[in-house]
Amino acid sequence: MRFNVSSLGWLTAGRCRIGASETISYNGVNGGVLMIKSIADAAILRNGVHMPWLGFGVFKVKEGDEVINSVKQAIRIGYRSIDTAAVYANEKGVGKAIRESGVAREELFITTKVWNTDQGFASTLQAFEASRKKLGLEYIDLYLIHWPVKEKYKETWKALEKLYKEGAVRAIGVSNFQIHHLRDLLENCEVVPLVNQVEFHPLLTQKELLAFCRENHIQLEAWSPLMRGNLDIPVLKELGKKYQRTPAQIVLRWDLQLEVVTIPKSINPRRIAENARIFDFELAEEDIKRLDALNENKRFGSDPDNFNF
Ligand SMILES: NC(=O)c1ccc[n+]([C@@H]2O[C@H](COP(=O)([O-])OP(=O)(O)OC[C@H]3O[C@@H](n4cnc5c(N)ncnc54)[C@H](OP(=O)(O)O)[C@@H]3O)[C@@H](O)[C@H]2O)c1
């Protein structure tokens, strides 16, 4: 069954407006109240769709047994959100794991993304259909433009708007969009992106982008939240000792308290579980600030203003 988007409200806000006047309340940081306290907790997107704060990333997880076993393990532990992409070449396995998980489809939140070479209006619609079939799903929860391919992303966005209006996707968004890409898209889109998935971690804190997304009610989502495993940072170790947690847990908890959706990847069952044990402690405000201060504008992935793929 496809979703009736109009029943979710917020299909469009007329022309996209930067700096819309509605207010939005952020759960954790303001007032320091611990609101995100369960793996079942979710960000509520502007259209009312619930997107789990913690998701499971599967970049570089091999198609076949590796991805099937990892996703099933994650779902067993309680993850309900899976982040894949056409270019990861593991959508079939993700779909198989979902079907074999024993968890009802509507309890899961599945993200996939249109790859750069498929961007454009008609080709995006085709790519979506290919992803949907590989996943074996009737609808996708979140469909993203993977990278802001110049001269293409506006046409691609029109295709995503069409899929959204038709109810083939519950939410649409972008990935690797800088503020200027978002401004450009917001100038003449019909549906404001609901999510922006970007590289985000203590060495790349993206303060201005986070503020811009908050102002425009675009949920920020962190990719490579664990800096691809480069967690050997003294402050992380020190805070790990203080809170009796691992550096990975400290970083992921920091994401939650900044109200950034986070999607760590692991193929190791112990680490899959470790990365989900982040809902029963809270970082003090001064420690959030220490993590913020680690910023070096360092990227482990490509620069969205300078990529050649
Ligand atoms: N939109 C985009 O352009 C984009 C780009 C990159 C990634 N993503 C998404 O974001 C997800 C996460 O990013 P990522 O895969 O690049 O990197 P990541 O989640 O930051 O780090 C994954 C690496 O950290 C290791 N790891 C996992 N848990 C750990 C722990 N508790 N302690 C120590 N090491 C740990 C993993 O090894 P093991 O597997 O051996 O545990 C793996 O080598 C991706 O899987 C993908 O879904 C999106």
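What is the volume of the largest pocket? The largest pocket has a volume of about 770 Å³. Here a pocket is an open set of points on a 1 Å grid over the protein atoms alone, where a 1.4 Å probe fits, with protein on both sides within 12 Å along at least five of seven lines; lining residues have an atom within 4 Å of a point.

The model is predicted: local features need pLDDT of at least 70 and side-chain atom pairs count only at pLDDT 80 or more, while totals for chains, interfaces and linings use all residues. Residues are numbered from 1 along each chain as its sequence is written, and side-chain values use heavy atoms, without hydrogens and water.

Of the 35 residues that line the largest pocket, the closest to its centre are Phe59, Trp223, Ser224, Arg228 and Lys265. By class, this lining has 15 nonpolar, 12 polar and 8 charged residues.

The ligand sits in the largest pocket, meaning that more than half of the ligand's atoms lie within 2 Å of the pocket's grid points. Around the ligand there are 29 residues, of which the closest are Asp83, Gln197, Ser224, Ser266 and Arg271; a surrounding residue has a heavy atom within 4 Å of the ligand.

Key. Points joined across faces, edges and corners; volume = space filled by probe spheres on them. Nonpolar A, V, L, I, M, F, W, Y, C, P; charged D, E, K, R; others polar.
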